[in-house]
Amino acid sequence: MKKTFSALLTSTLISINCLASTEPANVILIIGDGMDDQQITIARNYLKGAQGSLSLDQMPVRGAVQVLTVHNDDPDKPMYVADSANSATSLATGVITSRTRISTTAKTDQDIPTIIELAQQAGLKTGIVSTASVTDATPAAFVAHVSRRFCENPSMMVDGLIHGHFPVDCKDDVKAAGGLGSIAEQIADSDVDVVLGGGYKHFDMAAEAETKTVLERAKDNGFQLLTQASQLNQAPSDKKLLGLFSPSTMPIKLRGENGRIAEQPKKSWLNYIYKYLGSITNPEPMICEANPDFEAVPTLAAMTSTAIKYLDNDKGFFLMIESASIDKASHARNPCGSIGELDQLNEALDYALAFAEKSPNTLVMVTADHGQAAQMIPEVSMFADPAFGSFPAASPGVMARVKTPEGSIMGINYATNESIAEEHTGVNVAIFANEVGRTLIKPMQTQPDIFTISAKHLGLK
């Protein structure tokens, strides 16, 4: 049986220090899933132009963050590429763990108190906003504890199948074994004040060993369910908010024209015989177009605005906001999807910074959980230029040539593997902050340091 979480939280809760400032201390942590400098540069070029700037670029504090991961069976041995579960766990708890874990330790499988749980113990309000399912790895790491990120609902806990094919088992996390249940059940049972995103399907099923659904459990626990964008402006102030605006991940803002994604360059038969002969034809350029499905859901900015208004109080709050499909679109080799999602992050950031201007003890940080596959390359290889030899050269993997509003073409390459989805990379990621972070953000830090920074600013350390 797993160690009870309440006992662990009591034994590890950091003593609360009163802030000298009369202003409540708030932390708004914005996570661009998979948002390394390649993704930022690609989006900036498309959205603002090569000499333009995003709101991110105008933040006064910037540093680098080392992403840390360990092997599950040997926590003293590093693994150099993270997944969203273990990296979000580092941000949420200050503890380095192994891939797929949601705020649990490698090997020993112990629950780790999160910044949201510590903030709640101190009487602060808390919130989670995501364009993914709220049960997905990044939001889950701030509020739940489970050995595998895939155990999002009761049906996945024992003998579950990921994507209908790959087995997953969280039998030690079921309530009957002394665990806390699936991620959806833990959210339904939680004291988080605001939870907004996708993931309705994970709540619309019976809870473990009950006739009630997970949604009904959430309502019994004081949550008001929101399912339409119009309801955001009508949310009651006397209830916790659970907004579930799509069955799973929310629709992306932009897509490639007619749904196009990156494609294979085409080689002539002679080029297959010898790589310096024949010809290579790159994919035709594409534009990014509005995704019609996006109109049915609230924007990340709208959810952010609602969450901030709802959480604003005289004691302070912690809010995590995730722009999830920078990563998910990159997995799918869809550059327009990543660009549109980073645009959503930029718009949400504007709301956070506007609030911080009025509430000067608000720390706004923007970072990523890990790097992703997309990289910007020449849209036509420089080796095809007569100055460099004028011979055929193909991008490995797949490639998109995206027409920008400036009238140029960006070449974007995906080449981590030849399987069903691209993979993460082990690169450092950036961290940005408003002026409040000037003395808190170092030129270089690790992901667990961001937990410490949040806790320090909120008076939890």
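**Figure 1. Overall dimensions of the predicted chain.** The radius of gyration of this predicted model is 22 Å, which agrees with the value near 23 Å that a compact globule of 461 residues would have. Along the principal axes, the C-alpha atoms occupy a box of roughly 70 × 50 × 45 Å. Twelve helices and 21 strands make up the secondary structure of the chain. Of the 461 residues, 55% are buried.

**Figure 2. The largest nonpolar core and the surroundings of F142.** In soluble globular proteins, nonpolar side chains tend to be buried together. The largest nonpolar core of this chain comprises 102 residues, and those with the most contacts inside it are I28, L56, F142, L242 and M365. Helix α11, spanning residues 335-358, gives the most to this core, contributing seven residues. Apart from this core lies another one of 16 residues, which includes L254, A262, C288 and Y414. When residues up to four places away in sequence are not counted, F142 touches L29, I31, A88, L91, A92, T114, I115, I116, I128, F318 and M320.

Figure 3. W269, L270, I273, Y274, Y276 and L277 together make a nonpolar surface patch of about 650 Å². One of these residues, L270, is placed in helix α8, which covers residues 269-273. The relative accessibility of L270 is 30%, and this residue therefore counts as partly exposed.

Figure 4. Two residues of one loop are shown here. T100 is not a glycine, yet its phi is positive, at about 75 degrees. This residue lies in the loop between α3 (84-93) and α4 (115-121). T100 is classed as buried because its relative accessible area is 18%, under the 20% limit for that class. S103, found in the loop between α3 and α4, likewise is not a glycine and has a positive phi, of about 50 degrees. The relative accessibility of S103 is 0%, so S103 counts as buried.

**Figure 5. P292 and its spatial relation to K253.** P292 belongs to the loop between β14 (288-290) and α9 (300-311). With a relative accessibility of 46%, P292 counts as partly exposed. P292 and K253 are 39 residues apart along the chain, and a distance of 8.2 Å separates their C-alpha atoms.

Figure 6. Side chains of opposite charge can pair when their charged atoms come close. The structure holds 19 salt bridges. In the one formed by R149 and D83, the closest N and O atoms are 3.2 Å apart. This pair links distant parts of the chain, 66 residues apart: R149 is in the loop between α5 (137-141) and β6 (160-162), whereas D83 is in the loop between β4 (78-79) and α3. Both R149 and D83 are buried. A network of salt bridges links D83, D136, R149 and K328.

**Figure 7. The salt bridge between D220 and K212.** The closest N and O atoms of the D220 and K212 salt bridge lie 2.4 Å apart. D220 counts as exposed because its relative accessibility is 54%, whereas K212, at 38%, counts as partly exposed.

**Figure 8. The salt bridge between E379 and R401.** E379 and R401 form a salt bridge in which the closest N and O atoms are 2.6 Å apart. E379 lies in the loop between β17 (375-377) and β18 (398-403), and R401 in strand β18, so the pair ties together parts that are 22 residues apart in sequence. At a relative accessibility of 23%, E379 counts as partly exposed. R401, in turn, is buried, with a relative accessible area of 11%.

Technical notes:
Residues numbered from 1 in each chain as written. Predicted model: local features only at pLDDT ≥ 70, side-chain atom pairs only at ≥ 80, totals over all residues. Heavy atoms only, no water. Patch = residues over 30% accessible without salt bridge, like charges linked within 9 Å, V, L, I, M, F, W, Y side chains within 5 Å. Areas by Shrake-Rupley, 256 points an atom, 1.4 Å probe, with all protein chains shown as cover. Salt bridge = Lys/Arg side-chain N within 4 Å of Asp/Glu carboxyl O. Helix = DSSP H or I, 4+ residues; strand = E, 2+ residues; numbered from the N terminus. Buried < 20%, exposed > 50% of the residue type's maximum accessible area, 1.4 Å probe, protein only. Rg over C-alpha atoms; globule rule 2.2 N^0.38 Å. Core = buried A, V, L, I, M, F, W, Y, C linked by side-chain atoms within 4.5 Å. Contact = heavy atoms within 4.5 Å.
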